Amino acid sequence: MSRNQNRSKMDKIVSLAKRRGYIFQSSEIYGGLSSCYDYGPLGVELRKNIKETWWNDIVTSRENVVGMDSSILMHPKVWEASGHVENFTDPLVDCKQCKNRFRLDKGVHKFKCTNCNMKFHIKEGQIGGRKKYRECFDDLTASEPESYVNSTCPRCGKEESIILDKVACPKCGAADLTDPKQFNLMFKTHYGASEDSAHRIYLRPETAQGIFVNFANVSNAARAKLPFGIAQIGKAFRNEVTTRNFIFRSREFEQMELEFFVRPDASEKWHKEWIESRLEWYKKIGINEKNLQLREHGSDELAHYAKACVDVEYKFPFGWAELEGIADRQTYDLQQHIDHSGNKLTYYDQEQEEHIVPAVVESSAGVDRTMLTVLADAYWEDEANDRVVLSLSPQMAPIKAAVFPLVNREKMPEVARDIFEDLKGHLPVEYDDSGSIGRRYRRQDEAGTPFCITVDSQTLEDGTVTIRERDSLEQVRINKEHALQEIRDRIN
RNA sequence: GCGAGUGUAGUUCAAUGGUAGAACCUCAGCUUCCCAAGCUGAUGACGAGGGUUCGAUUCCCUUCACUCGCUCCA
């Protein structure tokens, strides 16, 4: 497909999502808030179904995985231990000339002496400049740039005479830079009514740390034995530099994370198992496997704590993109919290008769990305029948069935309403008697409803109704008393 | 964050320096015995804030949002 066609497919999904009540832009009446989205009546059902199938697959159906739900606000030291504070405090600048962005300390720092006008610069940790000036230094290996400010000039010997003249772009050499900016992906807020910095805390940028800090609590309470996992679904917040592609990357999002604790020597084996298991899950919720692939991180893109990481990717209209990362994090996380908190987050291995720090295999998936995947994968245009269809798997579909009277005459609406009333306590269903029957079928097709039950004149005679399947348009007659069971059977 | 582009009913599009039309959707009624039929009627928009002007949806500025390309993505 060409780019134009790809783009228009995303546009169509966005507009369908709004029209049918899946996804709205946040704060729309005030002009919208960038990258934040609200989920409407169908959206919230779809999200619930995604989360339920995940939870069922990861927690309920496994003996050795338990769930938890930690608070979004946590002690600030959690993020010092995890590395989230430290890794994102470097000031960054942009070169106005070549648009390069770099850490300020990576810029070319140009110094000069206010007394003798000696000049030198620091680039990539080396002192540079004219030969006659370089010779004034015993060693050309540079210290931190800040340490030269107000230092003694090595040429004329005058104290406190060196000043920082300018900082230039290491790429193009221009000294035309923006003011340094602090980039930290964590949202900051104040804890308590007082706004002094002592009470600064963060909205969690991932749910995983809530699991790690509860490692001892949960493993004791659950009497867990290795290998075992702790799972959590919850919101996380990141001040992303760029947000793009509808709900794909947003600043507020929901994660489904599993931290699976294993003996360190077994992490590789479990990493492989979870990769398979997670890929299967996406197929199970109805994603076309041709649109799924695994991608292993190269050593250059691995996070500092991870030994290996494999992404599950989906072929979106805008290209292949990451749905989930499955990482072998080794003992990094628990060890960091052991070091920072002083608590013994270890496991006593009965067989080896020793305390060990378990390694962890993490599966980190996004609810919102899964939702976009489900919608994009289900969307198609049935030109033969002139309709737009969301072929959601019955398990994912927000509305499982709709009930119609074929026409609004005789007793058909009453009979149809009775069937609807019987179903509605058990399944999400809709009743509709407006317009023509064809219009009502189309409406449900677009919303992704897999089944439509129609009451016609034969129903009044023998108590049977038609049940129509969304994708094939096939209809069969069943006894109206069996409608609930029939739909349940077809969902599973 | 930088550069380019785009903002008119729910959606897709018109028109205009004198405050806006349509189609589809939605709603109500009639009709309709199985796939967006028909008839009648109704609701509904110039993203926001300034400026120029007698008058701005239209021109200018700012801002917000979206799209694309960079950049970023523990």
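**RNA contacts, sheets and aromatic pairs in a predicted model**

A polar side-chain atom of Glu410 lies 3.1 Å from a base nitrogen of RNA strand B. This is a polar contact, defined as a pair of N or O atoms within 3.5 Å; within protein, one atom must be able to donate a hydrogen and the other to accept it, and residues adjacent in sequence count only if both atoms are side-chain atoms. The model is predicted, with local features needing pLDDT of at least 70 and side-chain atom pairs pLDDT 80 or more, while totals for chains, interfaces and linings use all residues. Residues are numbered from 1 along each chain as its sequence is written, chains are lettered from A and ligands numbered from 1 in the order in which they are written, and side-chain values use heavy atoms, without hydrogens and water.

Thr466 also reaches a base: an N or O atom of its side chain is 3.0 Å from a base nitrogen of RNA strand B. Helices (H or I, at least four residues) and strands (E, at least two) are DSSP runs, numbered from the N terminus. The largest share comes from α11, with six residues.

In total, 47 residues surround RNA strand B. A residue is near the strand if one of its heavy atoms lies within 4 Å of it. The closest are His84, Arg249, Ala303, Arg409 and Ser457. By class, the surface has 14 nonpolar, 17 polar and 16 charged residues. Here Ala, Val, Leu, Ile, Met, Phe, Trp, Tyr, Cys and Pro count as nonpolar, Asp, Glu, Lys and Arg as charged, and the others, Gly among them, as polar. Of the RNA atoms within 4 Å of the protein, 53% belong to sugar or phosphate and the rest to bases.

An open antiparallel sheet of four strands runs in the order β8-β7-β6-β9. Strands pair if DSSP finds at least two bridges between them. β8 (126-128) and β9 (162-168) each have a single partner strand, so one side of each lacks a neighbour in the sheet. Inside the sheet, four bridges join β6 (residues 108-113) to β7 (residues 119-123). Lys110 has His121 as its bridge partner in β7.

Strand β20 (residues 359-366) is mostly covered, with eight of its eight residues buried. Buried means under 20% relative accessible area, exposed over 50%, and partly exposed in between (1.4 Å probe, protein chains only). Eight bridges join β20 to the antiparallel strand β14 (residues 252-262). Six bridges join β20 to β17 (residues 319-330), again antiparallel. Ala365 of β20 stands opposite Met256 and is the bridge partner of Glu324.

The whole structure holds 20 aromatic pairs. Rings of Phe, Tyr and Trp (its six-membered ring) pair if their centres lie within 6.5 Å; planes under 30 degrees apart count as stacked, over 60 as edge-to-face and the rest as tilted. Phe248 and Phe316 have ring centres 5.4 Å apart and planes at 75 degrees, so the pair is edge-to-face. Phe248 lies in the loop between β13 (228-237) and β14 and Phe316 in β16 (residues 308-316), so the pair ties together parts 68 residues apart in sequence. Phe248 is buried at 9% relative accessibility, and Phe316 is buried at 3%. Phe248 also forms an edge-to-face pair with Phe318, at 5.5 Å and 70 degrees. Phe318 is partly exposed, at 29%.
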